[in-house]
Amino acid sequence: MWAVLAAGGSGERLGADRPKAFVRLGERVLLAESLERLDASEWIDAIVVAAPPGWEEPAILLAEELGCSKVSACVAGGPSRAESVRLGLAEVPDEAAVVVVHDAARPFVEDEVIARVLGALNEGWDGAVPVLPVADTVKRVDGERVVETLDRTELRLVQTPQAFVASVLRDAFAGDVSDASDCASLVEARGGRVKAVPGDPKLVKVTDASDLARVAALL
């Protein structure tokens, strides 16, 4: 069971002077939370970190400071999240059975969620994603014109960690990944079967300063 931790975001929308993974969250940096949690997980055997380019050494030093013994490699991320995952996936050995992909921007990953996505693979699915129901009415718009109201009972908000059969994920990343919104979309495009499992409201994604404040309040 290998994990690829995508941590290559620039942090531009945070208005920070450093990459998102290294902004402060309480007494330490954002990356520390998810890294430590994945390392402590009973389900994860090894971790590859896709760090912001030029920040590989600080990421390795952070792992050492936290005592994260499962970190096997740290690579420079690419220009997009998907490219960062591809580069991280290249460090996962061929004999790996399962790859879990998680965003460092969602710091509060729990073992229960990891267990749920992995459980779906044991049921024969190619991949699994944690989801939350959509509470608000959702409309499709063209510019300022409302085109239609979508049926929210069929819609879900997708989170990470996402888990996949390793060979299926490798095949999905073999082609063009420039337009990929997440790993599951690439697997779906190749006909893979992806199961939606219950997510976790605490898996807030840090995108801007208000998100960072929300996450800090959960500490």
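Me: What does "buried" mean for a residue such as F22?

Reply: Buried means under 20% relative accessible area. Exposed means over 50%, and partly exposed lies in between. Keep in mind that this is a predicted model. Here F22 has a relative accessible area of 5%, so F22 is buried.

Me: And is W55 buried or partly exposed?

Reply: W55 is partly exposed, with a relative accessible area of 25%.

Me: How is a pair of aromatic rings described?

Reply: Two things describe it: the distance of the centres and the angle of the planes. A search of the whole structure finds one aromatic pair. In that pair, the ring centres of F22 and W55 are 4.8 Å apart, and the planes stand at 35°, so the pair is tilted.

Me: Which parts of the chain does the pair link?

Reply: Distant ones. F22 is in the loop between β1 (2-6) and β2 (24-25). W55 is in the loop between β4 (46-51) and α2 (56-66). The two residues are 33 residues apart.

Me: Which residue lies over the face of W125?

Reply: R193 does, at 4.2 Å from the ring centre.

Me: Now salt bridges. How do I read one?

Reply: Look for a side-chain nitrogen of Lys or Arg within 4 Å of a carboxyl oxygen of Asp or Glu. A search of the whole structure finds eleven salt bridges. Take R28, which is partly exposed at 25% relative accessibility. R28 bridges to E33, with the closest N and O atoms 3.3 Å apart. R28 also meets E36 in a salt bridge, at 2.8 Å from N to O. E33 is buried, at 10% relative accessible area, while E36 is partly exposed, at 31%.

Me: Which residues are linked in the network of salt bridges around R28?

Reply: R28, E33, E36, R37 and E110 are linked in it.

Me: What separates E83 and R86 along helix α3?

Reply: About one helical turn, because they are three residues apart in helix α3 (residues 81-89). E83 is partly exposed, at 24% relative accessibility. R86 is partly exposed too, at 26%.

Me: What about D39? Where is it?

Reply: D39 is in helix α1 (residues 30-40). D39 is buried yet has no salt bridge. The nearest side chain of opposite charge, K70, is 5.8 Å away.

Me: What lies around D39?

Reply: Not counting residues up to four places away in sequence, D39 touches I47, G67, C68, S69, K70 and V71. A polar atom of the D39 side chain lies 3.2 Å from the backbone nitrogen of S69.

How values were computed:
Residues numbered from 1 in each chain as written. Predicted model: local features only at pLDDT ≥ 70, side-chain atom pairs only at ≥ 80, totals over all residues. Heavy atoms only, no water. Phe/Tyr/Trp six-rings, centres within 6.5 Å; stacked < 30°, edge-to-face > 60°. Helix = DSSP H or I, 4+ residues; strand = E, 2+ residues; numbered from the N terminus. Buried < 20%, exposed > 50% of the residue type's maximum accessible area, 1.4 Å probe, protein only. Lys NZ or Arg CZ within 6 Å of the ring centre and 35° of its normal. Lys, Arg positive; Asp, Glu negative; His and termini not counted. Polar contact = N/O pair within 3.5 Å; in protein donor to acceptor, adjacent residues only side chain to side chain. Contact = heavy atoms within 4.5 Å.
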